[in-house]
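These are my notebook entries on one structure.

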Amino acid sequence: MFRRILIANRGEIAIRIIRACNDLNIESVAIYSHADRDSLHVKMATHTYAISEDPIKGYLDPDRIIEAAKATESEAIHPGYGFLSENALFAKKVKEAGLVWIGPESEVIAKMGDKNAARNLMIQNGIPVVPGTEPLNKLSLYEIQKIARKIGYPVILKASSGGGGRGIRVVQEESELENAFNACKREALTFFKNDDVFMEKYIQNPKHIEFQILADNYGNVIHLLERDCSIQRRHQKLIEIAPCPTMSADLRRRMGVVAVAAAKAANYTNAGTIEFLIDDSNNFYFMEMNTRIQVEHGVTEEITGLDLIGRQIRIAYGEILDLSQNDITAQGFAIEARINAEDVHNDFIPNPGTITAYYPALGPFVRVDSYIYKDFVIPPFYDSMIAKLIVRATSYDLAVNKLKRALSEFKIRGVKTTIPFLINICNDKDFKRGIFDTSYLENKLPSLMPQETSDESDLVAAIAVALTSQFEE
């Protein structure tokens with residue numbers, strides 16, 4: 001087994017990888033920016049390496065990270081999610097440097113990262129895809145309009161190299177097409193350095209279902225059941241559930257077969273995710289493949305009893321997958337709620353600051369993945385997610401009850417968080433019944449908004465000031 005692994009990431013996912021390394025008796029190396037010097041992943045790792053003064057650049061510099069791996073005598077690099085996790089050039093450079101990349105081959109990352117190339121590969125292999133086009137950038141507006149009419153409105157424009165909800169525009173009618181196309185190109189160029197944009201038929205109010213894949217280097221591929229990721233805001237997932245509470249056994253079986261076939265078509269190895277859209281007639285379509293571990297991998301771990309990060313490491317080391325599809329069964333239901341430091345009453349803008357109190361939820365089958373602690377200062381430079389609360393129960397309704405209880409116990413003070421908003425989702429009758437699709441939050445947002453209240457720590461401080469003033473008088 002590897003002796004030492006460098007983690008090319010930060011925060012919660014870096015801690016998750018450190019724990020997997022510890023379980024396998026592997027030393028870990030945490031890289032960090034100056035802004036992250038007090039982050040918990042830096043405190044927990046076996047070794048640390050200051051990657052940059054700049055809060056972002058070091059995490060996005062392949063050469064600097066490889067230099068750090070060599071300087072710390074690391075044998076492998078785990079990219080986590082985000083940052084360079086789906087960067088084919090980084091994966092290639094890691095391998096060329098004589099290190100092991102804990103993930104799929106660079107060629108596969110490149111192929112599946114190009115959404116249009118991925119679509120074409122799926123079509124060639126008989127995988128159902130949403131009707132769509134090649135990149136449109138070389139076509140005139142008239143030609144693009146003609147294609148949109150043929151597909152039928154509404155349509156969705158997508159950046160070919162997009163991800164994370166970026167580079168996406170839904171177009172309801174022709175008058176919106178030109179502005180949406182230009183905005184999509186600008187955003188794609190800004191975030192992905194590639195302004196190629198293609199068009200698909202917009203499946204209205206679908207369910208967003210993804211299948212977790214594990215594949216070794218010897219042709220063995222299985223899926224670890226599905227996750228329902230339909231509850232999203234601006235294409236960003238907020239709550240994930242495994243397995244889908246409303247999916248029939250037959251549909252699960254058919255989608256699982258297609259997910260494995262899609263991974264095999266891509267010559268995929270390691271952990272990955274096949275994402276589908278399901279319409280209201282239970283027709284399902286390949287959407288994309290994520291060539292990395294997902295934020296929501298924990299719910300799959302909870303229902304299968306498998307350590308996905310540990311499996312990633314073991315596969316990268318060359319172990320044969322010692323599981324067959326028949327070994328995979330769901331042990332109840334798991335739900336993950338992403339807790340973000342955001343002001344829900346101010347359009348969910350990030351709310352970084354100092355954590356003045358931190359009491360994570362506890363109890364049977366309650367898991368918290370986080371990187372914060374009391375007195376930690378959340379930096380303003382990164383994603384606003386500060387914790388993931390994951391619960392498991394024998395049935396979906398019991399899992400919802402447990403999630404509500406755990407959210408109610410979870411106390412974070414000093415910054416505003418989405419916890420009250422998530423509690424209101426747990427109270428919603430449709431969520432409790434498992435009846436939702438990707439339009440859920442769009443349709444219900446006003447009714448889910450919590451009452452605006454002051455942070456308890458601020459209230460205590462105000463009371464103390466008032467009492468002091470009385471005594472002084």
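I count a residue as buried under 20% relative accessible area, as exposed over 50%, and as partly exposed in between (1.4 Å probe, protein chains only). The model is predicted, so I note that local features need pLDDT of at least 70 and side-chain atom pairs pLDDT 80 or more, while totals for chains, interfaces and linings use all residues. Residues are numbered from 1 along each chain as its sequence is written, and side-chain values use heavy atoms, with hydrogens and water left out.

Entry 1, cysteines. I looked for disulfides, meaning pairs of cysteine sulfur atoms within 2.5 Å, and found zero. For Cys229, the closest cysteine sulfur belongs to Cys244 and lies 9.9 Å away, which is too far for a bond. I then checked accessibility. Cys229 has 0% relative accessibility and therefore counts as buried; Cys244, at 4%, also counts as buried.

Helices are DSSP runs of H or I with at least four residues, strands are runs of E with at least two, and both are numbered from the N terminus. H1 covers residues 11–23, 13 residues in total. I took the expected span as 1.5 Å times one less than the number of residues. Ten of the 13 residues are buried, so H1 is largely enclosed by the rest of the structure. The buried residues include Glu12, Arg16 and Cys21. Asn25, which follows H1, has a positive phi near 60 degrees.

I fitted axes to C-alpha atoms over the stretch in contact, with angles from 0 to 180 degrees between N-to-C directions. The axes of H7 (residues 141–151) and H8 (residues 177–192) come within 11 Å and cross at roughly 105 degrees. Angles under 35 degrees count as roughly parallel, over 145 as roughly antiparallel, 65 to 115 as roughly perpendicular and the rest as oblique. H7 and H8 are therefore roughly perpendicular to each other. Contact means heavy atoms within 4.5 Å. H7 contributes Leu141, Ile144, Gln145 and Ala148, and H8 contributes Leu177, Glu178 and Phe181.

I located Thr329 in the loop between helix H11 (308–317) and strand S14 (333–340). Its relative accessible area is 48%, so Thr329 is partly exposed. Leaving aside neighbours within four places in sequence, Thr329 is in contact with Leu225, Ile303 and Thr304. The C-alpha atoms of Thr329 and Leu225 are separated by 7.9 Å, although the two residues are 104 residues apart along the chain.
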